[in-house]
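Biologist: I would like to learn how to read the packing inside a protein model. Where do we start?

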Amino acid sequence: MNRRHFIQLSATGLAGSLAACGKKDAPLVNAAGKPIIRFGHFPNVTHVQGLVAHQLSRQGKGWFESRLDAEIQWTGTFNAGPAATEALFADRLDVTYIGPSPTLNGYHISKGKDIRILAGAANGGAALVVRADSGITKPEDFRGKKIASPQLGNTQDVQIRAWLMDQGFKVSEKGGDAYVVPTPNSNLIDLFTTKGLDAAWTAEPWVSRLELETGAKVFLEDKDTNVTLLVARVGWLDQQKELAKKLVAAHKELTKWIIDNPAEAKKLIKAELNDLKLPAKDEVLDRAFSRVIVTDAISRESLDKMVKSAQKAGFYSDIPSLDALLPSL
């Protein structure tokens, strides 16, 4: 699958969503008359608010439920952003924690009509990691190497492609000077161990797991990217503006609670990863959490940089003004 096919697939998946925009379906409510919010996140430490809130829901102490007087349906976890974006487009998801690249790609494909950023969630927490015996010590050593990204078009995929191009490499899935191989994060440990990959640009806790479980080394750490955002589909936002305001306020309150209570937050993250069948040791979580900057701020500078990286990597040539992407609630 090449980048052009990725965009065409997304556009195809979007067709039904755009067609549905013209009709006003009634907001989803449960048997008790409470609104239903279908919520998503990834099993990454960079999605800390999603992990904490999901675990609190499992424990019957729902953070969003109590503050919004709503039913939160955690509709599943996603390996990477493009899958979550398509769920938004297909009206299977209302709100999700997601990275900037799939957010921007969805905004581009829908011509600025179908996706909005409500808040920031985290910065940093991602890195380019190399296998200990890969022989990679400097940028030119990536020539001929296989480098994993979580999914074609996700944030780390765009970043590694743009970075390799900045080093003067031609990048291709089937040829070129370096090979970017979209690979589920859950496969990275085995592929590093069996030498099926030379490097990976990925997010926490996978960076720390690769270090501690395979001896991999961080070659380049991303500390600045607004790596996780809170995003909603426009159809839901138009129907539930007051609820969306409460959601943003609850998200900001949760963000502050995590910053003020890191030890308790890590316990909830560990419990949620266990429930997702992705257990992480305390050493992994301590290291991973130290790399993540939890914040509710949206960085326009980071979004603009991601647009340039995506354009360089060939995902789109133009995009509507980002002003509409950042609504005032």
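Modeller: Start with contact: two residues are in contact when heavy atoms lie within 4.5 Å. Keep in mind that this model is predicted.

Biologist: Which residues does Ile-37 touch, leaving out those up to four places away in sequence?

Modeller: Ile-37 touches Leu-68, Ala-70, Glu-71, Ile-72, Gln-73, Asp-94, Val-95, Trp-236 and Leu-243.

Biologist: How do I read a nonpolar core?

Modeller: In soluble globular proteins, nonpolar side chains tend to be buried together. Here the largest nonpolar core has 44 residues. Ile-37, Phe-39, Val-52, Phe-64, Trp-236 and Ile-269 have the most contacts inside it. Helix 10, residues 241–260, gives this core its largest share, seven residues. Another core lies apart from it, with 24 residues, including Ala-87, Leu-93, Ile-115 and Val-231.

Biologist: And aromatic rings?

Modeller: A pair of aromatic rings is described by the distance of the centres and the angle of the planes. The whole structure holds seven aromatic pairs. Take Trp-63 and Trp-257: their ring centres are 6.3 Å apart and their planes stand at 50 degrees, so the pair is tilted.

Biologist: Which parts does that pair tie together?

Modeller: Trp-63 is in helix 3 (residues 63–68) and Trp-257 in helix 10, so the pair links parts 194 residues apart in sequence.

Biologist: Is Trp-63 buried or exposed?

Modeller: Trp-63 counts as buried, because its relative accessibility is 9%. Trp-257, at 22%, counts as partly exposed. The cut-off for buried is under 20%.

Biologist: What lies over the face of Trp-63?

Modeller: Arg-67 does, at 3.6 Å from the ring centre. Elsewhere, Phe-39, Phe-64, Trp-74 and Tyr-97 form one aromatic cluster.

Conventions: Residues numbered from 1 in each chain as written. Predicted model: local features only at pLDDT ≥ 70, side-chain atom pairs only at ≥ 80, totals over all residues. Heavy atoms only, no water. Core = buried A, V, L, I, M, F, W, Y, C linked by side-chain atoms within 4.5 Å. Buried < 20%, exposed > 50% of the residue type's maximum accessible area, 1.4 Å probe, protein only. Helix = DSSP H or I, 4+ residues; strand = E, 2+ residues; numbered from the N terminus. Phe/Tyr/Trp six-rings, centres within 6.5 Å; stacked < 30°, edge-to-face > 60°. Lys NZ or Arg CZ within 6 Å of the ring centre and 35° of its normal.
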